[in-house]
Amino acid sequence: MVNIMNYEIKYDTRDNIASLLSENNPKQVELIRKMAHDVLLENCGSGVYYRGLIEFSNRCVSDCYYCGIRRSNADVNRFDLTMDEIVDSALWCAKNGYGSIVLQSGENSSRDFIDFVCRAVETIKKRSVSEELPNGLGVTLCIGEQSEADYARLFAAGAHRYLLRIETSNRELFKTIHPEAQSFDNRVECLRRLKRTGFQVGTGVMYGLPGQTYQMLADDILFFKGMDIDMLGMGPYIRHSSTPLKKNENQFIIEGDDLLRVSLLMIAACRLVLKDINIAATTALQTIDPTGREKGLSFGANVVMPQLTPVDYRKSYLLYDNKPCQEDTKEECKNCLSARVGSVGREVHYNEWGDSPHFKRKGESKN
Ligand code: SAH
């Protein structure tokens, strides 16, 4: 009989991380899961934090080949939530104990747009202050590439975390999924701008992209480490039928059961390597497996993003096909999620921002 504890799981080099990610022996996968879980408990505790996700506009100037709301997709009804709709959704979160929200949209750098987001953040920060939340809601933005001056305005308005996925850290692969005008270097530069501005910075990648290998995913993790990021939101690539990114039969692609396994191993590997950052179990995970988010939590994630976008607009914010929870109201979402979190022995920490311990520790070591 083989004692699995005798196997050593290593994640100290690119090759070792790549071999961890390609592990498909169920016993080994379980061992990796347990290791990641222990690292999570030691560095972040067992709490799960909510970020109420408000997708407030699907207008987008970018044309990413994989994304359902890309500029060239003429089938999408474009919408913008009103200021009242955004603020009401945010205040619902505050009232229901979600300590934080994420404001997400397509890409837009116009002055009017930035002014609007600044006003929304200021209003939310002011109106969400209560006994439970003395500093108001924590606000994360996910509104794409902007100038340093605009990042500074958004930070001054009261947002303190920002998500900008690099999508892949492999320059060549990046080129195959984006048009020429969208550059890898600018995306990296934006991450640097966000850090200089003072944001807690989150990034992430998609896995299962055509042409993507385990080595590239290992490089992604080393990229996160090199950039010293505070948060991660990653997920499987899921095809949207009216986008140009087609599967090429001759290209390596991770799919089917492997895609779920790799998704979970990516979370675990990031937890093992990066230790004290926040990692989200994303909605895309639930798309490929009905209990994908819970599995994500048990492999080392500690953040979940319940849907707050008004139901009428959700069908216009389909980044990929079969996005789940299109009809669930925010109340249904709340109950369903707390049961899901409980089902893996974890507990939601209400009325807390749940900032990345990594960011806090960086601050402490500077003082
Ligand atoms: N405009 C913002 C928000 C984009 S949508 C920005 O650029 O940051 C948020 C994320 O959805 C993207 O970063 C991308 O990683 C993910 N996404 C888009 N299309 C997807 C698809 N087909 N499958 C899986 N994830 C997708």
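## A buried pair: Arg 340 and Glu 294

The side chains of Arg 340 and Glu 294 form a salt bridge, 3.0 Å from N to O. Arg 340 sits in helix 13 (residues 330–343) and Glu 294 in helix 11 (residues 292–298), so the pair ties together parts 46 residues apart in sequence. Both Arg 340 and Glu 294 are buried. The model is predicted.

## Other salt bridges

The structure holds 21 salt bridges. One of them joins Arg 161 and Asp 355, at 2.5 Å from N to O. This pair links distant parts of the chain, 194 residues apart. Arg 161 belongs to strand 4 (residues 161–163), while Asp 355 lies in the loop between strand 11 (347–348) and helix 14 (357–366). Arg 161 and Asp 355 are both buried.

Glu 148 pairs with Arg 196, their closest N and O atoms being 2.8 Å apart. Glu 148 is in helix 5 and Arg 196 in helix 7 (residues 184–197), so this bridge ties together parts 48 residues apart in sequence. Glu 148 counts as partly exposed, at 30% relative accessibility. Shared partners join Glu 148, Glu 189, Arg 193 and Arg 196 into one network of salt bridges.

Helix 4 (residues 111–127) has 17 residues. Its first and last C-alpha atoms are 24 Å apart, close to the 24 Å expected. Its buried residues include Phe 113, Ile 114, Val 117 and Ile 124.

Terms used
Residues are numbered from 1 along each chain as its sequence is written. This is a predicted model: local features need pLDDT of at least 70, side-chain atom pairs count only at pLDDT 80 or more; totals for chains, interfaces and linings use all residues. Side-chain values use heavy atoms; hydrogens and water are left out. Helices (H or I, at least four residues) and strands (E, at least two) are DSSP runs, numbered from the N terminus. The expected span of a helix is 1.5 Å times one less than its number of residues. Buried means under 20% relative accessible area, exposed over 50%, partly exposed in between (1.4 Å probe, protein chains only). A salt bridge is a side-chain nitrogen of Lys or Arg within 4 Å of a carboxyl oxygen of Asp or Glu.
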